[in-house]
Amino acid sequence: MITSNAMPYNEANGTQAIGKGTHMSTTPLIASLWKDCYTGIGRTNTFLDNIGNVTMDDALKSRMTGEAKFLRAFYYFYLSDRFGGVPLILETPNADKQASLPRDTKEAVVNQILKDLTEAAEVLPKYLSFEPTCPLERAGRCLSDDRWKNDSGITSIRSVKAV
């Protein structure tokens with residue numbers, strides 16, 4: 001819990017360093033966000049790279065692919081919102097190739113978020129409780145990146161109203 005001046009009652013996760021502006025990449029709260037998001041991205045990428053090899057109902061396969069793309073977009077949304085441009089990894093984790101990737105631009109990450117959300121919204125059934133979040137997430141991302149000014153952003157924002 002943090003007080004109104006960002007001083008915590010318990011300093012176990014590094015919130016005091018964040019409040020004072022003395023945090024580093026190793027501050028537990030920051031390091032865990034980065035690690036947890038990339039763990040989730042790695043799992044969704046592994047799923048997406050291998051789902052084609054699984055024999056199962058095509059409708060279920062399509063829905064699960066949409067769910068995975070939504071989750072990947074969700075993780076990248078949190079990363080880009082906090083860190084700006086981050087390494088954009090779209091394949092199964094490989095430490096030899098991905099351990100020292102440079103950051104992609106925030107715009108490249110946002111474009112991938114919007115692509116994943118658009119593809120997820122196209123295949124997810126309407127009855128899923130989180131499906132309306134796809135247009136909402138797209139609209140939120142457009143608003144936070146000043147994309148509301150172009151046709152794509154306006155369409156995303158209007159699609160929230162339609163849901």
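Phe70, Phe74, Tyr75, Phe77 and Tyr78 are joined into a cluster by ring pairs. Here, rings of Phe, Tyr and Trp (its six-membered ring) pair if their centres lie within 6.5 Å; planes under 30 degrees apart are called stacked, over 60 edge-to-face, and the rest tilted. Before going further, note that this is a predicted model: local features need pLDDT of at least 70, side-chain atom pairs count only at pLDDT 80 or more, and totals for chains, interfaces and linings use all residues. Numbering starts from 1 along each chain as its sequence is written, and side-chain values use heavy atoms, with hydrogens and water left out.

Searching the whole structure turns up 7 aromatic pairs. How far apart are the ring centres of Trp34 and Tyr38, and at what angle are their planes? The centres are 5.3 Å apart and the planes sit at 50°, so this pair is tilted. Trp34 and Tyr38 are 4 residues apart in helix α2, which means about one helical turn separates them. Tyr38 is buried at 15% relative accessible area, while Trp34 is partly exposed at 28%. (Buried is under 20% relative accessible area, exposed over 50%, partly exposed in between, using a 1.4 Å probe and protein chains only.)

Phe77 and Tyr78 make another pair: with centres 5.9 Å apart and planes at 75°, they are edge-to-face. Phe77 is buried at 17%, and Tyr78 is partly exposed at 28%.

## The chain as a whole

The protein chain has 7 helices and 0 strands. Helices (H or I, at least four residues) and strands (E, at least two) are DSSP runs, numbered from the N terminus. Of the 163 residues in the protein chain, 35% are buried.

Take the contacts between residues at least 6 apart in sequence: 50% of them join residues at least 24 apart. A contact means heavy atoms within 4.5 Å.

The expected span is 1.5 Å times one less than the number of residues. Its buried residues include Ile30, Cys37, Tyr38, Ile41 and Leu48.

Helix α5 (residues 106-123) has 18 residues and reaches 26 Å from first C-alpha to last, close to the 26 Å expected. Among its buried residues are Val109, Gln112, Asp116 and Leu117. Leaving out residues up to four places away in sequence, Gln112 touches Arg72, Leu88 and Leu90.

## The largest pocket

The largest pocket has a volume of about 250 Å³. Of the 14 residues lining it, Tyr38, Ile89, Pro93, Gln98 and Ala99 are the closest to its centre. A pocket here is an open set of points, on a 1 Å grid over the protein atoms alone, where a 1.4 Å probe fits, with protein on both sides within 12 Å along at least five of seven lines; lining residues have an atom within 4 Å of a point. The volume is the space filled by probe spheres set on the points, which are joined across faces, edges and corners.

Which helix gives the largest share of the lining? That is α2, with 5 residues. Both α2 (28-50) and α4 (95-98) supply at least two lining residues. The lining splits into 9 nonpolar, 4 polar and 1 charged. Nonpolar covers Ala, Val, Leu, Ile, Met, Phe, Trp, Tyr, Cys and Pro; charged covers Asp, Glu, Lys and Arg; the others, Gly among them, are polar.
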